[in-house]
Amino acid sequence: MSDGWERGEPELLAARMRRLHRSAHRVIRADPRRARPGHSPLAAGMAAELPSVDHS
């Protein structure tokens, strides 16, 4: 579980997300801000996790 606002290295989060994606049936990202018009995930943590997300 991550809110995507990690303060550490985004590369580490990306690597852990890739590992999770390989071992999980499906990775779902819940983002309540997604419903806002014009919202895009700009935080480094959010951008790092998106390639490993199946559905958001």
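Helices here are DSSP runs of H or I, at least four residues long, numbered from the N terminus. The model is predicted.

**Stop one: α1.** Select residues 10-23. This helix has 14 residues. From first C-alpha to last it reaches 20 Å, close to the 20 Å expected at 1.5 Å a residue.

Now colour by burial. Leu13, Ala14 and Met17 are buried in α1. Look down the helix axis: the buried residues fall within an arc of 100 degrees, so they line one face of α1. An α-helix has 3.6 residues a turn, so residues three or four places apart point the same way. Show α2, residues 44-49. The buried residues of α1 pack against α2.

Turn to the face of α1 directed away from its buried side. Exposed residues sit there: Glu11, Arg16, Arg19, Arg22 and Ser23.

**Stop two: Arg26.** Is Arg26 buried or exposed? Arg26 is exposed, because its relative accessible area is 54% and exposed means over 50%. Arg26 and Asp54 are 28 residues apart in sequence, but their C-alpha atoms are 6.1 Å apart in space.

**Stop three: Arg29.** Arg29 is also in the loop between α1 and α2. Its relative accessibility is 9%, so Arg29 counts as buried; the cut-off is under 20%.

Which side chain makes a polar contact with the side chain of Arg29? Select Glu49: the two side chains meet in a polar contact at 2.7 Å. Then show what else Arg29 touches. Leaving aside residues up to four places away in sequence, its contacts include Pro41, Met46, Leu50, Val53, His55 and Ser56.

Methods:
Residues numbered from 1 in each chain as written. Predicted model: local features only at pLDDT ≥ 70, side-chain atom pairs only at ≥ 80, totals over all residues. Heavy atoms only, no water. Helix = DSSP H or I, 4+ residues; strand = E, 2+ residues; numbered from the N terminus. Buried < 20%, exposed > 50% of the residue type's maximum accessible area, 1.4 Å probe, protein only. Polar contact = N/O pair within 3.5 Å; in protein donor to acceptor, adjacent residues only side chain to side chain. Contact = heavy atoms within 4.5 Å. Expected span 1.5 Å × (residues − 1). Arc of directions from axis to C-beta.
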